[in-house]
There are 2 protein chains.
Amino acid sequence: MKIGVFDSGIGGLSVVKSLLEHQLFEEIIYFGDTARVPYGSKDKNTIIRYAIEAVEFFKNFDLDMIIVACNTVSAYALSEMRESARCPVIGVVEAGVLATANAVSNNSANILIIGTNATINSQAYEISLENQGFKKLQTKATSLFVPLVEEEIFEGAIIDATLTHYFEHIIHPDAVILGCTHFPLLSNALQDYFGKKTMLIHSGDAIVEFLEHEFDFTQKFETTKLEFFASENPQSLRNIANKWLYGN
Amino acid sequence: MKIGVFDSGIGGLSVVKSLLEHQLFEEIIYFGDTARVPYGSKDKNTIIRYAIEAVEFFKNFDLDMIIVACNTVSAYALSEMRESARCPVIGVVEAGVLATANAVSNNSANILIIGTNATINSQAYEISLENQGFKKLQTKATSLFVPLVEEEIFEGAIIDATLTHYFEHIIHPDAVILGCTHFPLLSNALQDYFGKKTMLIHSGDAIVEFLEHEFDFTQKFETTKLEFFASENPQSLRNIANKWLYGN
C-alpha cells in the first residue's frame, strides 16, 4: 500500500508518526503546503481550492489512499477532494469521531472539541458526534495553540495564562478532542490542566484505529519508504520530520 | 496622486490610517494577500514570489507609487519589486530607519527592533541602522504578537507572560522599533512594560515622515478614494477596514 498524507504544514507529521508506529504502509508520500500555512484562519472556499490542488499534486503518484491529516481540510474539503481524487480519501475528523465513540461509552459524557477557528466554525465534529448520540458537546477555537507549538512553547506562564483564557468558563470535560494536529504537543499541559481523568483524543491514534476498523491489514511493514514534499522549503520540512519521527 | 498599499493581510491598514490622517493622497488601492497570510514565517524566495505577484496585480491600475506596508516584504523583496514595478516602491523598513534617526539623536542610545521571524532574520533594520551610526542594537523576533493581535488580545495575563517571555533578558531600550504592522495595537502594553521614557517607533507614522521628507506634497486631500482588494474574502477586509479607519 502506497499512501499520501496531506497537511497544511508540518502538523501532519504527528499522524505519520502514528502510522509508522503501527507499520501499516509500505510507502508514504507526505505533502505539506508550507507556503500557504496556516489554513485554520482561512475561508472555506480558499481551503477547498488549496485541498483540490493537493489532490492534483498527489496524481503524480500512483496512490492507494490519501489521508488528510489536517483537521481544517477534513472539516471543509473532504467531499470535494473525493470528487477529484482517483483513490479513497480519509480525514482525521471522521477518525476522531469514531475514536471518541469507541473510547467514551456514556453518551451523556461531556466532550470538549478544540481546534482552529475554521475547524470549530465548520461544526464538523459536533454534527458527527451528535449523529453518534452524544448530547453534551462544548467547542472552543484555541487558535493561539498553533503559534505556541510552532514557537516550541509547551509549558510555563504563557501556556498557563492561555489555558485559563480559553477554558475558565468551560464545564469540566470527560474527553477532549484535539482537533488540530499541532495540539498533541500540548498534551502534557492539557492533561495537567484538566486532570488525569480527562481523556485526550489524538488524531494520529484515531486515524490508525479508523484504518484498522475499515480495512483489512494483513501485512506489517517493518520499514516504510517516506518521501516529503512541501510547497516551500522542503529541506526544512525534512529536517523537522527527521527530528520528530526519528529523534535526530 | 494615486498609490497602492500592499500588505500580507490586514496589518497594513494601520499604515493607511496614518496616510489618511495626513491627507496625502487622492486615491489609495489596498491589496492584502489574505489567502496566504502570514508571510512572517515563510521563506525568502516565497516572500519574493508573492511580492512580485502583488506588483503584477497593481499593474491593473495606473499608480504613481506603491507603499509596502509589510515589514517582512520590505525587508526581503523591495529590490525585486522595484525591478518589476513601473512606479516608485517605498517600504516601511527604510521609513522606520529614517524615523528612528530623526527621533533618536544619540547614536549610543539602546534601540530594540521587534518583528516577525523573517523580518528579524533578514537583519534589514540592523544593517540600515548601523549604516546610520547606531551602535547599541538589540533584536527580538516576537512572533506571538501577531496571533495575539489577530485574536484581539491586547492586555491581560497572556500579554504579561508573553512580554516577560520575550523581553526579560533584554537591556532596557531607549527606543523600540515596532517592526510589524500588527504591533502598534500592542502599544499600550509595550509602553507600560518598558515605561514612559521608551519611545515606540510606528511604521505608519514613519512612512508619513519619510514621504514628507522625500517628496514635495503641495496639496492636501480632504477625502481620499479608497479601494480594497484581497486574495480571499475581500468583504471581511472591507469590514475590518471600516472598523479600523472610521470606527464603524
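This is a predicted model: local features need pLDDT of at least 70, side-chain atom pairs count only at pLDDT 80 or more; totals for chains, interfaces and linings use all residues.
Visitor: Is strand β1 of chain A enclosed or open, and why?
Guide: β1(A) covers residues 2-7. Five of its six residues are buried.

Visitor: Which residue of β2(A) is the bridge partner of A:Val5?
Guide: Six bridges join β1(A) to β2(A), residues 27-32, and the two run parallel. One of the pairs puts A:Lys2 with A:Glu27. For A:Val5, the partner in β2(A) is A:Tyr30.

Visitor: Which residue stands opposite A:Val5 in β3(A)?
Guide: β3(A) spans residues 65-68. Four bridges pair this strand with β1(A), in the parallel sense. Opposite A:Val5 stands A:Ile67.

Visitor: Which are the edge strands of the sheet in chain A?
Guide: The sheet is open and holds five strands, with parallel pairing. Their order is β4-β3-β1-β2-β9. An edge strand pairs on one side only, and that picks out β4 and β9 of chain A.

Visitor: What angle does the direction of α11(A) make with that of β9(A)?
Guide: Two helices can be followed on the sheet. α1(A) touches β1, β2 and β3 of chain A, and its direction makes about 175° with that of β2(A). α11(A), residues 234-246, packs on the sheet against β2 and β9 of chain A. Its angle with β9(A) is about 140°.

Visitor: Which element gives the largest share of the side of domain 1 of chain A that touches domain 2 of chain A?
Guide: Domain 1 is 2-91 + 206-246, and domain 2 is 94-203. The contact takes 24 residues from domain 1 and 23 residues from domain 2. On the domain 1 side, α1, α3, β4 and α10 of chain A each give two or more residues. The largest share, five residues, comes from α10(A).

Visitor: Which helix gives the most to the side of chain B that touches chain A?
Guide: The contact takes 17 residues from each of chain A and chain B. The chain B side has six nonpolar, six polar and five charged residues. Six residues of that side come from residues 157-167, helix α8 of chain B.

Note on methods: Residues are numbered from 1 along each chain as its sequence is written. Chains are lettered from A and ligands numbered from 1 in the order in which they are written. Domain bounds come from an automatic or database domain assignment. Two residues are in contact if their C-beta atoms, placed from the backbone, lie within 7 Å. Ala, Val, Leu, Ile, Met, Phe, Trp, Tyr, Cys and Pro count as nonpolar, Asp, Glu, Lys and Arg as charged, and the others, Gly among them, as polar. A residue is buried if 20 or more other C-beta atoms lie within 10 Å of its own, exposed if 12 or fewer, and partly exposed in between; C-beta atoms are placed from the backbone. Two strands pair if DSSP finds at least two bridges between them. Axes are lines fitted to C-alpha atoms, for helices over the stretch in contact, and angles run from 0 to 180 degrees between N-to-C directions.
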